[in-house]
Amino acid sequence: MKRIYFYIVLVLTLLTFSCEEERAEGFNILTEEIVNVSGERVILMGRIIAFQNIPMQDHGFYISSNESFNQPIIHSMGQIDRPGRFAGEISGLDLGVTYFAKAFVVRDGETLFGNTLTFQTLGAVFDDFQPRTQFPGEIITITGRNFADDVEVFFGDQKAEIVQFEFGFRLRVRVPSFNNVVQVPIRVITRGNELSVDFPFNYVTGKYTLLEANLDEFRLVDNVFFQKGNRFFVGLGMNVNRTSSNFLWEYKPTEGLWKKEIFPGSTHRRSANSGTGYFGGGFQDTNFPPEVYNDSYWYYDGDDFVRIPNPPFEFAESFGFMAQGQFYIAGGTLGIGSNVYRYNPETSLWQIRPNLPFNVDSRMLHFVHNDKLYWIDMDKVLREYDLFTAQSRVISEYPSPFIEDFSDTGGTSIVMGDKVYIGLYNNAREFWELDMRDYVWTRKTIFPGITRARNAGIFQAEGKIYFLRTPDFESVMEFWEFDPDNL
Amino acid sequence: MTRVLRIFFVFILLGFFIFNSCIDRFNIPLDEPDFILNVEGYITTQPRSHQIRLSRAAKYGPDFLGPSRPVNLATVLIKDNEEKSVLLPYTENGIYITPDDFAAKVGNSYNLEITLPNGDRYISTKEYVNSVPKMDSVTYQAVRTASENRLNDVIGVQIIGHFQDPQDEVNYYYWRKLDSDFAIIAEPELYTLPPTHPTNPRGSAPKDCCVRCFYKEFPAPPSIMTVADEFFNGNYQRRMIAYILDNGTRFKDTYRLDMQHLSVSAEAHRFLTLMDQQLRLTGSVFDPPPANIRGNMVSLKNPEEQVLGYFFVSDEQFIRTYIKKENLEFFLTPQSIIPEDCREYLNIGGSNSSPGFTPPKLSVEPPPDWNPD
């Protein structure tokens, strides 16, 4: 019996004290992933693998440009208790350098490392800047990659103020003052690397001069204008007080004087005007609607006005233009707004052409370049129309804002080689240069004159642009000279 | 002596039970995160405006603590392996969008980087874009599935993709249904007056219009179709890639299903598979326990912070299939009767109207790109 008690006590004792001893804490440290690498920054991920919480005095990453980790960058993230992954962001690295990285933990004073991963920091890249043309003191945006926090921007030799540095790829920079050089290269310097792009920055150019020459007595609106060599003509339409204008005025830049001439027919208000001497249609009175249609069409050959046959369709407020030596009329507000007719001077015949894909009228700005018609509609869309294949496409958008029924009509344009000067819409000051080779818009100097005015004519001579404007509240018209490349 | 020993033994036994039978209190450290950041979104190789949605996950439990709140005014960037960055402007409701022409490139890797208004920063792990084997064709067939109701089987339409899985690479596929259009057929000639009608309640009042309208919906049931090629590597596939439940309305005429044929990474596949498991929970003892699934977003400020959701990048092939009633072997019968002008489908009898809100009318015009032939 004593033995039974003894064995029971022994079994109980063993049950009580035979529990498994606490196992020594085991863990692994892993350098898990290079999450993201930029030019001067890396984000690394490490992981502590363990089955229980283990207090570590420190953890983080070692980074070095050599595999032996001499003089490493130590990214310490402090103590940690829980196993699992951890991420660290290390900046201040050199561009385009191969680095080695490994995670570490400090446990009981001993530093333990994970596996080693390698990565290469990226080089900085300067991709683009917009806008390509800007006023001094205004902002441009430079985009690229991997700009470091020491980035500097130079316009030629002038250092620019960096207004905003965003995410290492975008810089907002204030344009330095004008230094008598219109085109300057932009250089970006970061971490000792100098970066540039193939195209220069352009200071906004354009010089306006208000000329003394004026049309006596008249303030023309709804008129005709055209150019013959260096002779500018403007007239017909009506005076703003709704008196008819049966006159034309001629201007020669060499003489600097508008001379009045008598027109053999009655006036053509809101006619189809090609700007080359062909014009016609529109209205012959100055009444409010209903207006009386003027069915005569004319050509000025440099000496005389020659009447040409009228088309079998009535046009007013239409596009008028020349392409391949033939006079075209398109759209307008009478009847179908997409009709196109063509007059061949050699045969003296009108011919109907395919309709335009959209209705157009003279509120929209239009021009012809390389025998293709272009127009900017009321939504700012610049369309190209091939008059021979009847194909159209959208090629760009007018860069300045339009305000409906306020600044979306009345613009003017003139083609000079491969460049088109566009703007001066009603109540607006913007004037733009459009390069037809790449459809890049370049801002020109803001128009300093009265904006409450209507364009009455635009001409060009010897690289300069001349335009006539009829102010709404002034007694005389304004005649301006614009030099697009000067300041 | 024996008696003394017995008493001694009893004391020892009592002492043993007294000192060993108590239960120690065990404190479980529970994670009770406060409104976890949730990241949803993916980008593909198709140029369009891709969306990333940020929100704060609401707590689930007996106490209602508010809906999932959108995270507004964060800075969201997508960066590729060359560090080309795209800033996603904020739109509304926590949604950030890429430019219209943005598209991922096969072979590149991408990170999503988020900076919250309070300065907290998060970044996704790298997601690689693998090319998706092109889908040769898509077919469909009606299927009948036994349900809990012995008298009524569940009817639906299986969409079957036909494609060659490449042998020399590991592929993970994900098929995602998109909002789809279908023609709703109504029976306006069966219209009856409302029961509240003063003179002729429930009286017959046939309408002349309209029988056929068009409606856009997300195809039900929502499900995650993802698969790895580990069991069919290199074989030609004839595989179900989507299923649409026949509710009696969808297949009365023509259903145009839009979906994406996507490649995903192994990690994204794992995440989607786990998501699918969670969505299929039915409450049975065989279900996996409900869990927060770890995504691939990491907090740079606090690595222990849990972030929900997954940012992935895919090569995409857009798939559009017209499912015509006449091509289905069978469909749910009887089909739903809509005794109303089909344009009123969203508000039959004014049932969905409320002060200040009237559901929109359906269009009788098909979508501009509707081309079932």
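Predicted model: local features only at pLDDT ≥ 70, side-chain atom pairs only at ≥ 80, totals over all residues.

Me: Why is Arg191(A) called partly exposed?

Reply: The relative accessibility of Arg191(A) is 25%. Buried requires under 20% and exposed requires over 50%, so Arg191(A) at 25% counts as partly exposed. The residue sits in the loop between strand 16 (186–190) and strand 17 (193–196) of chain A.

Me: What does Arg191(A) touch, leaving out residues up to four places away in sequence?

Reply: Arg191(A) touches Glu40(A), Gly92(A), Leu93(A), Leu95(A), Ala148(A), Asp149(A) and Asp150(A). As for Glu152(A), 39 residues apart from Arg191(A) along the chain, the two C-alpha atoms are separated by 9.5 Å.

Me: What makes the phi of Asp222(A) worth a remark?

Reply: Most residues other than glycine have a negative phi. Asp222(A) is not a glycine, yet its phi is positive, at about 55°. This residue is found in the loop between strand 20 and strand 21 of chain A.

Me: How do you know that the peptide bond from Ala220(B) to Pro221(B) is cis?

Reply: The omega of that bond is near -5°. Pro221(B) belongs to the loop between strand 14 (212–217) and strand 15 of chain B. The bond from Thr333(B) to Pro334(B) is cis as well, with omega near -10°, and Pro334(B) lies in the segment after strand 20 of chain B. Most peptide bonds are trans.

Me: What sets chain B apart from a compact globule?

Reply: For 373 residues, a compact globule would have a radius of gyration near 21 Å, whereas chain B has 28 Å. The C-alpha trace of chain B spans about 110 × 65 × 50 Å along its principal axes. Its secondary structure comprises two helices and 20 strands, and 44% of its residues count as buried.

Me: Which residues have the most contacts inside the largest nonpolar core?

Reply: They are Ile159(B), Trp175(B), Leu257(B), Met259(B) and Ile323(B), in a core of 30 residues. Among the elements that give two or more residues to this core are strand 11 (154–164), strand 12 (172–177), strand 17 (254–263) and strand 20 (316–324) of chain B. Apart from this core lies another, of 24 residues, including Val71(B) and Tyr110(B). Beyond four places in sequence, the contacts of Met259(B) include Ile159(B), Trp175(B), Ile241(B) and Phe318(B).

Me: What makes up the lining of the second largest pocket, by class?

Reply: The lining has 16 nonpolar, 21 polar and seven charged residues. The pocket has a volume of about 1,400 Å³. Of its 44 lining residues, the closest to the centre are Phe225(A), Asn273(A), His366(A), Gly411(A) and Thr412(A). Strand 42 of chain A supplies the largest share of the lining, seven residues.

Key
Residues numbered from 1 in each chain as written. Chains lettered and ligands numbered in written order. Heavy atoms only, no water. Core = buried A, V, L, I, M, F, W, Y, C linked by side-chain atoms within 4.5 Å. Buried < 20%, exposed > 50% of the residue type's maximum accessible area, 1.4 Å probe, protein only. Helix = DSSP H or I, 4+ residues; strand = E, 2+ residues; numbered from the N terminus. Contact = heavy atoms within 4.5 Å. 1 Å grid on protein atoms, 1.4 Å probe; cavity = no way out; pocket = protein on both sides within 12 Å on 5 of 7 lines; lining within 4 Å. Points joined across faces, edges and corners; volume = space filled by probe spheres on them. Nonpolar A, V, L, I, M, F, W, Y, C, P; charged D, E, K, R; others polar. Rg over C-alpha atoms; globule rule 2.2 N^0.38 Å.
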